[in-house]
Amino acid sequence: MAYASSSSSRKNAGPTPEDVVRDVRKGNVKPIYLLMGEESYYIDKLAAFLTDTLLTPEERDFNLFTFYGPDADVDQIMMTAKGFPMGGQRIVIVVREAQALKRIERLELYLKQVQPSSVIVLCYMNGSMDKRLKVTALIGRLGVVCESKKLTDARMPGFVADYLKRQGVAVAPGAAEMMAELVGNDLNRMTSELDKLTTALPADQRALTPEFVKQHTGASKEFNIFELMDALGSKDVLRVNKIAKYFDENEKKYPLQMVLPALFRYFSNVMMAYYAPERTERGIAAWMGLSDWQVKRNILPPMRAYSGSKVMHILSAIRRTDARSKGVGGTAPDNGELMKELVYFILH
């Protein structure tokens, strides 16, 4: 399981998903796991890992129980956990959407005397359980509380490289950064896109290159989001307008709702660079946690083309465009017109 982390970012934090995997593989199995946080990717992967590791395929028919928070009853979950396994060592109880589970604090009753042969896995999505609750503290003492936070954009290239390495695929310089720019920090979407790319790799090519990414991301060789960002970064007015026109004519492939987040991430990074104590390639890279390649290609050109004040206004304009595309403030103009207005504002 690829997990991008650093000692500084994890200092004083709870166990990472990889910590949980390592402990379970060593046989250190806890009676209850609370998997929570903003990043659903790790919650889903850990729940699947625990199920696959603690039960054989044959045992799952009788010893795996799945509940869904909106429809589940805590007392029924506890009663199931108090049962005994059939033809196996354990009962595994997975509670999906645990954030919607009513009266979750009643789990305290079970935690006072757990069943050694049962394992409860709580999948608490899109947020974290209140750590001030007694039941949260009890879970932490008896079991595992694993909180998965969203990875920052700066850490996404590392995730991409680690994920591909586990599949035996190397990453050429620039490819991981390019995927991070294209997809953002949605790990489920990122892994899906990476799986598609690795499947498309020829048998004799075990390295992902920027050229291969461009070729297989549904974009033409000349017109894609990367080209748009490069053209905006260098204020190439003619090229920007050509690409905007191409996007308008191919809206299904390049919907505005896909283009705007990419532009927002691009200019947000430029804005952050203006706060760097040292505005050199190396200084900005160290300040933002980016590679020198990213800074040279994506940060320095727009910094030369736009002032910090202009970048701030651009970010506001992108937000307004996004709101207008969703009908905020009245009838939304045509997406093509919105894009034309936005790029005109950026360039002038």
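**Notes on the predicted model**

1. The structure holds two cavities of 30 Å³ or more. This is a predicted model, where local features need pLDDT of at least 70 and side-chain atom pairs count only at pLDDT 80 or more, while totals for chains, interfaces and linings use all residues. Residues are numbered from 1 along each chain as its sequence is written, and side-chain values use heavy atoms, with hydrogens and water left out.

2. A word on terms: a cavity here is a set of points, on a 1 Å grid over the protein atoms alone, where a 1.4 Å probe fits but cannot get out, and lining residues have an atom within 4 Å of a point. Grid points are joined across faces, edges and corners, and the volume is the space filled by probe spheres set on the points.

3. Two or more lining residues come from each of α8 (175-183), α13 and α15 (292-305). Of these, α13 gives the most, with four residues. (Helices, H or I with at least four residues, and strands, E with at least two, are DSSP runs numbered from the N terminus.)

4. β1 has two parallel partners to check. Strands pair if DSSP finds at least two bridges between them. Six bridges join β1 to β4 (residues 118-125), with Ile32 opposite Ile120. Four bridges link β1 to β5 (residues 144-148), and there Met36 stands opposite Glu147.

5. Gln115 sits in the loop between α5 (107-111) and β4. Its relative accessible area is 12%, so Gln115 counts as buried. Gln115 and Asp23 are 92 residues apart in sequence and 20 Å apart in space, C-alpha to C-alpha.

6. Finally, the surface: Met272, Tyr275, Trp287 and Met312 form a nonpolar patch with about 460 Å² of accessible area together. Patch residues have over 30% relative accessible area and no salt bridge, with nonpolar side chains (Val, Leu, Ile, Met, Phe, Trp, Tyr) joined within 5 Å and like charges within 9 Å. A salt bridge is a side-chain nitrogen of Lys or Arg within 4 Å of a carboxyl oxygen of Asp or Glu. Areas come from the Shrake-Rupley method with a 1.4 Å probe. Tyr275 is in the loop between α13 (256-273) and α14 (281-288), and is exposed at 54% relative accessible area.

Methods
Buried means under 20% relative accessible area, exposed over 50%, partly exposed in between (1.4 Å probe, protein chains only). On a 1 Å grid over the protein atoms alone, a cavity is a set of points where a 1.4 Å probe fits but cannot get out, and a pocket is an open set with protein on both sides within 12 Å along at least five of seven lines; lining residues have an atom within 4 Å of a point.
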